[in-house]
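Please have a look at the sequence and the fold before reading on.

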Amino acid sequence: MSQLTDPPLSGTATDLSDPRRYTAEGIEDVWCRLRAEGPLFHTRRPVGHDFWSVLGHDLASRVLKDAASFSSAGGMRLDADPVANEAAAGKMLIVTDPPRHGGIRRVINSAFTPRMVRRLNDTIRRTAVEVIEAALDRGEVDLTEVASRLPVSVISDMLGVPRADWDFMLELTMIAFGADEQAGSDPKRIAEAHTELLVYYDDLLRRRRDDPQDDIVSALAHGTVDGTPLTDEEVLLNCNGLISGGNETTRHATVGGILAFVREPSQWARLAADPGLLPTAVQEILRFTSPAMHVLRTATRAVTLEGRRIEAGDQLAVWLSAANRDEAVFPGPDRFDIARTPNRHLAFASGTHFCLGSALATSELTIFFEEFAARVAEVTRRGEPRRIASNLIWGHTSAPVTLTRRPAGR
């Protein structure tokens, strides 16, 4: 286990980078006790690079907004492959700093025309209804399977994948990004799924260079940054980033949100009785679940934070999930309150790298829970949910439940 130092937590060894910490309940209490000592800790590890743990909301916001002092080009997560990261830095949006970051972001944003947004909202509504109705017809389902189809369908539509290939994309995405339990212990199959995704998008890119459509692959294929077209490598890297980011947040927030309602049935009854609470409910689901647990930054120069000297090259893990439980910002942070306001959560991070798909993810969650609340009367757990063993993603590999349909007219 790594040792948190300066000051220690009563001499207790605590490693916030150890995935095993996140397979059990109670990490919220660890965050609370650590923040009582201070919002910044130096984490020393016997294996891997030492790093600084940022736990407080205000300090997290400051670090995320200071792109000049804290770079994303050194990697966006702890223990990332340095060779892969170096190859992607300056090309893939999430590991690119300003000003090039802004250029790539503008190219992607150019795809979100009013027509495309309307199409995506139609896809969200249609897919959400299909998924929920199919789950209700079965009755006994795994929430991880229920929640997986909507984001993959929306991402596929957004990137320009023909509808006939959406099921294929769902299968590959679940394997590649850890939603398939059987593939989870097979690195070879995971690598193969990533390769198949890249091969598919390489073919789609070639088609869109000749025949652009109303989608993001077309925007990337014909976009320029500083007057220079994006290379095939840059297009494919950003497709991969969009698939990963767009899939993880919505999928895990959906499962975590439903489980939160199961634990707090009064909140479920409250939402069913007052659909007007849906906007604040969605924001609370995002805060409460915090699917992206941390983002990494690398200091570009020596700076002082909270009286501590951070040297150039030091890594800082900004624990979004901890910041979203900061008692100084969120009264009763462990309470799931769908009417919570204000709700300045950092589920989508902040600053230059504020999540590109935040509006789309919010729409997905809003429409899904609107349709879910209108159709589902009760959710009953059929067993213990199983968490993903990860220090990057807070989510579940399994969450078996029984769904009961709401009577017509109620």
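The largest nonpolar core has 83 residues, and those with the most contacts inside it are Leu159, Tyr201, Ile216, Leu271, Phe368, Phe372 and Leu403. Here a nonpolar core is a set of buried Ala, Val, Leu, Ile, Met, Phe, Trp, Tyr and Cys residues joined through side-chain atoms within 4.5 Å; buried means under 20% relative accessible area, with a 1.4 Å probe and protein chains only. Helix H10 (residues 232–263) gives this core its largest share, eleven residues. Apart from it lies another core, of 19 residues, including Val54, Phe70, Leu305 and Ala323.

A word on the basis: this is a predicted model, in which local features need pLDDT of at least 70 and side-chain atom pairs count only at pLDDT 80 or more, while totals for chains, interfaces and linings use all residues. Residues are numbered from 1 along each chain as its sequence is written, and side-chain values use heavy atoms, leaving out hydrogens and water.

Leu403 is worth a visit: leaving aside residues up to four places away in sequence, Leu403 touches Ala135, Leu136, Gly139, Val141, Phe372, Val376, Glu378 and Val379. Contact means heavy atoms within 4.5 Å.

Now to the helix pairs. Helices are DSSP runs (H or I, at least four residues) numbered from the N terminus; axes are lines fitted to C-alpha atoms over the stretch in contact, and angles run from 0 to 180 degrees between N-to-C directions.

| Pair | Angle | Axis distance |
|---|---|---|
| H5 (residues 114–138) and H14 (residues 358–375) | about 40° | 9 Å |
| H6 (residues 143–159) and H14 | about 135° | 11 Å |
| H7 (residues 166–176) and H8 (residues 187–210) | about 140° | 8 Å |

What does H14 meet in H6? Leu360, Glu364 and Phe368 of H14 meet Val146, Leu150, Pro151, Val154 and Met158 of H6. By class, this contact has seven nonpolar, no polar and one charged residues.

H7 and H8 also pack against each other, and the contact draws on Phe168, Met169, Leu172, Thr173, Ile175 and Ala176 of H7 and on Arg189, Ile190, Ala193, His194, Glu196, Leu197, Tyr200 and Tyr201 of H8. In this contact of H7 with H8 there are ten nonpolar, two polar and two charged residues. For these classes, Ala, Val, Leu, Ile, Met, Phe, Trp, Tyr, Cys and Pro count as nonpolar, Asp, Glu, Lys and Arg as charged, and the others, Gly among them, as polar.

Notes. Helices (H or I, at least four residues) and strands (E, at least two) are DSSP runs, numbered from the N terminus. Buried means under 20% relative accessible area, exposed over 50%, partly exposed in between (1.4 Å probe, protein chains only).
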